[in-house]
Amino acid sequence: MKTNLLRTCLLVCCVIVAQLVSARVWAQTASMSLDQLKAVKAIKIGNLEKDTYFKSGDFILDRYEERPAYVFNYSDGIPRKIYLYKVFTAADTKELGLLAIYENGKTKETKPFVIPGASADRKAWDAYIDDLKYVGEKEAGLMSALGFVLSREMSLLMGGGSKEEGGDKKKEEYNFCFPADAVVTLADRQTKAIAEVKAGDEVVAYDAKTRLLVPARVQEVTIHAKPNLAVAGVWLTPVQDLSASNTAALTKPVLLEATANHPVQTATGAKKLGDLRNGDVLYRFDGATRSVSAWKVAAVQNAVRTVDKVYNLTTDKGSYLINDVVVLDK
């Protein structure tokens, strides 16, 4: 009887605190439907430690406040973790709620809980409560861990935690995009401004495993419109120019512009444009050899210009070329 009472108390705690958190954080956000809740719950995250923000279907997931997982070490010796993600609509980056993922450190089994925003459909809240009761209660330690995490988040908000920290700026971070005049390399080696590219067009992509250029089909073109979107830039020069003779003609540097958080392919893996530093190596299509060659970052500009509209492509290969430089899907 005591066990049942404790479980009931934990269930009520999770529901009440989740509603308080959602009321504080998502009072002015989009309303989550039951179908959206189910879709978010079905999202599979490949690496919970590394996948801190990404797009999946109609949604964008961002690791809540960029925090690591909450870790709980109980007396049974089984570590438990809770990962928190904010959920946004991909179309207009409006917040929908939270995704809490519980992981059992022994079995590595995970259980997702979608916490709707304050304005969510009643059916979405009912589904969340059902998950707490019929899924959460079956896993020892889950309810107390989730209850603690939500309670702590609420206490941070009530104690003056920065509700607006990263507010509009944070939303802009989801615009992994390029200005309208960014040049896309097509599969036939012709070029087209990204604003003119359509779903179904064939472009050039890069296979990091084989290090070969391959054709790719554009699956989606995403457009974000907002005044004064900041565009960063990096200037690139060929690696061989750095070791060439002083009498040899140097190649004119190439400027790659994008929002600071757009991922690009480097010699050490994917990096956000804003994280690039002088000396980092990127890859660029060489028309003479019909392959890619190594180009080094020679200079970085945090704000090259501002634009009112930016574009991004999603391809079936996960990459494409902008100004002949290999960039990745968001």
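Which residues does Leu99 touch, not counting residues up to four places away in sequence? They are Val40, Ile45, Leu61, Tyr83, Leu84, Tyr85, Val87, Pro112, Phe113 and Val114, where a contact means heavy atoms within 4.5 Å.

## Basis of the model

This is a predicted model, in which local features need pLDDT of at least 70 and side-chain atom pairs count only at pLDDT 80 or more, while totals for chains, interfaces and linings use all residues. Residues are numbered from 1 along each chain as its sequence is written, and side-chain values use heavy atoms, with hydrogens and water left out.

## Overview of the chain

The chain has six helices and 18 strands. Helices (H or I, at least four residues) and strands (E, at least two) are DSSP runs, numbered from the N terminus. Of the 330 residues, 45% count as buried; buried means under 20% relative accessible area, exposed means over 50%, and partly exposed lies in between, with a 1.4 Å probe and protein chains only. Among contacts in the chain with a separation of 6 or more, 60% come from residues 24 or more positions apart.

## The nonpolar cores

A nonpolar core is a set of buried Ala, Val, Leu, Ile, Met, Phe, Trp, Tyr and Cys residues joined through side-chain atoms within 4.5 Å. The largest such core has 39 residues, and Leu99 is one of those with the most contacts inside it, together with Ile45, Leu61, Ile82 and Tyr85. At least two residues of this core come from each of the helices H2, H3 and H4 (142-158) and from each of the strands S2 (59-63), S3 (70-73), S4 (79-89), S5 (95-104) and S6 (110-116).

## Packing of helices H2 and H3

Two packed helices are described by the angle between their axes and the distance between the axes. For H2 (residues 34-41) and H3 (residues 122-134), the angle is about 40° and the axes are 8 Å apart. The axes are lines fitted to C-alpha atoms, for helices over the stretch in contact, and angles run from 0 to 180 degrees between N-to-C directions. H2 and H3 are therefore oblique to each other; angles under 35 degrees count as roughly parallel, over 145 as roughly antiparallel, 65 to 115 as roughly perpendicular and the rest as oblique.

On the H2 side, Leu34, Leu37 and Lys41 take part in the contact, and they meet Lys123, Ala124, Ala127 and Asp131 of H3. These residues divide into four nonpolar, no polar and three charged. In this division Ala, Val, Leu, Ile, Met, Phe, Trp, Tyr, Cys and Pro count as nonpolar, Asp, Glu, Lys and Arg as charged, and the others, Gly among them, as polar.

## Strand S2 and its partners

Strand S1 (residues 53-56) and S2 run antiparallel and are joined by four bridges; two strands pair if DSSP finds at least two bridges between them. Within this pair, Lys55 has Ile60 as its bridge partner, and Tyr53 has Asp62. S1 and S2 form a hairpin with two residues between them, and Gly57 in the turn has a positive phi of about 60°. S2 is also joined to S4, by five bridges in an antiparallel arrangement, with Phe59 opposite Thr89.

In a regular strand the side chains alternate between the two faces of the sheet. Both faces of S2 are covered, with Phe59, Leu61 and Arg63 buried on one side and Ile60 and Asp62 buried on the other. Five of the five residues of S2 are buried, so the strand is largely enclosed by the rest of the structure. Ile60 has 1% relative accessibility and counts as buried.

Ala182 is found in the loop between strands S7 (178-179) and S8 (183-185). Ala182 is buried, with a relative accessible area of 7%. Not counting residues up to four places away in sequence, Ala182 touches Lys192, Ala193, Ile194, Ile322 and Asn323. Ala182 and Val310 are 128 residues apart in sequence and 9.5 Å apart in space, C-alpha to C-alpha.

Arg211 lies in the loop between strands S10 (202-207) and S11 (212-238). Its phi is near 60°, a positive value in a residue other than glycine, and Arg211 is exposed, with a relative accessible area of 60%. Asn228, placed in strand S11, is not a glycine but has a positive phi of about 60°. Asn228 is exposed, with a relative accessible area of 55%.
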